Amino acid sequence: MTSEIHLVQLHDDGSFLNKKERVYFFNVGNEIELQLRSPNLKQLRPLLLLDIALKKKDARTRSDSLSEGTSYELKALHEDFTLDPGHIAAGGEWIWNVKFPHSGRFLLQIVWTEIDFDLSKATNLQAIKVGRPEFIVVEPVLKINGQEISPLALSLQTLLSRCLGDLSRWPKIVGDAARMGYNCIHLTPIQTLGDSGSLYAIRDQLELNPAYFSGVSGPAERLKQLKAFVQEMEKKHGIIFFVDMVLNHTSINSTWILEDPNVCYTTKNTPELQSAFVLDKALRDLNKRLIENKEPDYPKGSIVENADDVNRIIDIIQHKVIPGLKLEEYFLYDVDQFLTQLKAVLQKAGIKIPEDEVELESDFNIYVSDRSFLVQKFIEKKKKKKK
C-alpha cells in the first residue's frame, strides 16, 4: 500500500478550485494537505468538517452537509462529523492534513464561524459561511493471497448465480474460470429472492439464498460456508469475488417495503409512472397468456425455440399489445379543457384574466413534457401582449 501526499489548494470560500469535479478519488493510505488563502481569514475562523466514517470505519457515511446561516449543536454534530480546526502556516495560509486509513466515500466541507471560536469550549457552531461540500472516494485495496493488486490487473468473469446450482458445484466452475486466466469472479445476487424469483428483486439483502446451501440450516451457517468457500478459492486458484448487493430496487414482498410502501416509487406517489405501469402490466398479461397457451397469435405457448419464435412474439408486442394501450394519450393535453380548468382555478383564487389572453394558437395541441410547459407558454404570451 503506497502512501502519497496530495496538495489541494482551496478557493476563497473553501471549495476545491476545480469546479468541474464533484467527486475526487484517492487510494487507501493517501493523505491530502488542504491549503486556504482567503480574505475571509481576517474576519472569520475556518473549520474543516469531516465525515465521522473517516475515524470510525463502520460508521454510516454522510451525504448531507451544513447550511449557511445555521446554528448547530456540537454534541449532535459530532455524532456524524468531526471538526478539524487546522492551523496557520508560516506563510499565512490555513492548513489541514487529512489521511485516508480505509476505503469508502467521505464528505468534507469548510465551515466559517466566529473568529474567536474555541472548539474546546463551545457548545454550538454558527455556520456563518460554508464552502461547497466535496466528496472523496477512497478506493479499496485489492489483495490476492496477501499480494496487493491494481484494479487494472483484474480479469473478471461474471457468473449467473441461478445457473450455478448448489455450493458444492461451485469449486469446479471457479476452477475452470481460473484455468482460463481469470482472477476475479463477479456473482449476480445470491441473496434471498422475492416472489417473482428475479435475481434483481431481492426479498432480504442481508440473507443468503438457501437454494445454494442444501443441508445447511440458518443464515449464519450459510454465511460461514460461503466465507470458507471464498477463502479456499482464493488460496487454491488465486481468485477473489464480487457480488451484487442491489440496494436500489427490491422485491414487492420485502419486509421494509411492507412496513413503508413510500420507500419505493408507486403510481400513487409518482403518477408519472402510470404509463410505464400500464405497459408493464400488459407485458405481464401477455406472458401469462403464453404460459397458459391462450395467445391466439402464438400457438406454441411458452415454447420459444428459435429466432423466428422470438420475432413472432416481438411482432405481437409491437402490433397488438402496444397499440392497444394508446400510450401516446398519456403525453397529450386537450388544450381547451386545460385552459378552462386553469381559468377556473385562477378565478377561484381571485385572479382575473381577460378572455382574449386565455386563447392560444390552434396548433398548440402537441406532445408536451409536463404541465409547466403549457403554463410557461401561457405566461410568455401574456407578457408579450403587455409589451
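Visitor: Where does Val-246 sit?
Guide: In this predicted model, Val-246 is in the loop between β19 (240-243) and α4.

Visitor: What is its phi?
Guide: Val-246 has a positive phi, about 55°, although it is not a glycine.

Visitor: Is Val-246 buried or exposed?
Guide: Buried. Its relative accessible area is 9%, and the cut-off for buried is under 20%.

Visitor: Which loop holds Asn-145?
Guide: The one between β13 (142-144) and β14 (147-149). Asn-145 also has a positive phi, about 50°, and is not a glycine. Asn-145 counts as partly exposed, at 43% relative accessibility.

Visitor: How does the lining divide into nonpolar, polar and charged?
Guide: The lining of the largest pocket has 13 nonpolar residues, 9 polar and 4 charged.

Visitor: Which helices each supply at least two residues of that lining?
Guide: α4 (255-259) and α5 (274-291). The largest share comes from α5, with 6 residues.

Visitor: Now the surface. Which residues form a nonpolar patch there?
Guide: Leu-206, Val-243, Met-245 and Leu-247. Together they have about 440 Å² of accessible area.

Visitor: Where is Leu-206 placed?
Guide: In strand β18, residues 202-208. Leu-206 is exposed, because its relative accessible area is 80% and the cut-off for exposed is over 50%.

Visitor: OK, charges. How many salt bridges does the structure hold?
Guide: The structure holds 12. One of them joins the side chains of Asp-297 and Lys-320, at 3.3 Å, N to O.

Visitor: How many residues apart are those two?
Guide: Asp-297 and Lys-320 are 23 residues apart, so the pair links distant parts of the chain. Asp-297 is in the loop between α5 and α6 (307-325), and Lys-320 is in helix α6.

Visitor: How accessible are Asp-297 and Lys-320?
Guide: Asp-297 is partly exposed, with a relative accessible area of 40%. Lys-320 is partly exposed as well, with 36%.

Visitor: Which residues are linked with them in a network?
Guide: Arg-289 and Glu-295. With Asp-297 and Lys-320, they are linked in a network of salt bridges.

Visitor: What about Lys-300? Which side chain does it meet?
Guide: The side chain of Glu-305, in a salt bridge of 2.7 Å, N to O. Lys-300 is partly exposed, with a relative accessible area of 27%. Glu-305 is exposed, with 59%.

Visitor: And Lys-294? Which residue does it meet in a salt bridge?
Guide: Glu-292, at 3.5 Å, N to O. Lys-294 counts as exposed at 55% relative accessibility, whereas Glu-292 is partly exposed with 38%.

Visitor: Last topic. Which loop is Tyr-330 in?
Guide: Tyr-330 is in the loop between α6 and α7 (335-348). Tyr-330 is partly exposed, with a relative accessible area of 39%.

Visitor: What separates Tyr-330 and Glu-272, in sequence and in space?
Guide: Tyr-330 and Glu-272 are 58 residues apart in sequence. In space they are 8.9 Å apart, C-alpha to C-alpha.

Conventions: Residues are numbered from 1 along each chain as its sequence is written. This is a predicted model: local features need pLDDT of at least 70, side-chain atom pairs count only at pLDDT 80 or more; totals for chains, interfaces and linings use all residues. Side-chain values use heavy atoms; hydrogens and water are left out. Helices (H or I, at least four residues) and strands (E, at least two) are DSSP runs, numbered from the N terminus. Ala, Val, Leu, Ile, Met, Phe, Trp, Tyr, Cys and Pro count as nonpolar, Asp, Glu, Lys and Arg as charged, and the others, Gly among them, as polar. Patches are made of residues with over 30% relative accessible area and no salt bridge: like charges are joined within 9 Å, nonpolar side chains (Val, Leu, Ile, Met, Phe, Trp, Tyr) within 5 Å. Accessible areas come from the Shrake-Rupley method with a 1.4 Å probe; for residues, only the protein chains shown count as cover. A salt bridge is a side-chain nitrogen of Lys or Arg within 4 Å of a carboxyl oxygen of Asp or Glu. Buried means under 20% relative accessible area, exposed over 50%, partly exposed in between (1.4 Å probe, protein chains only).
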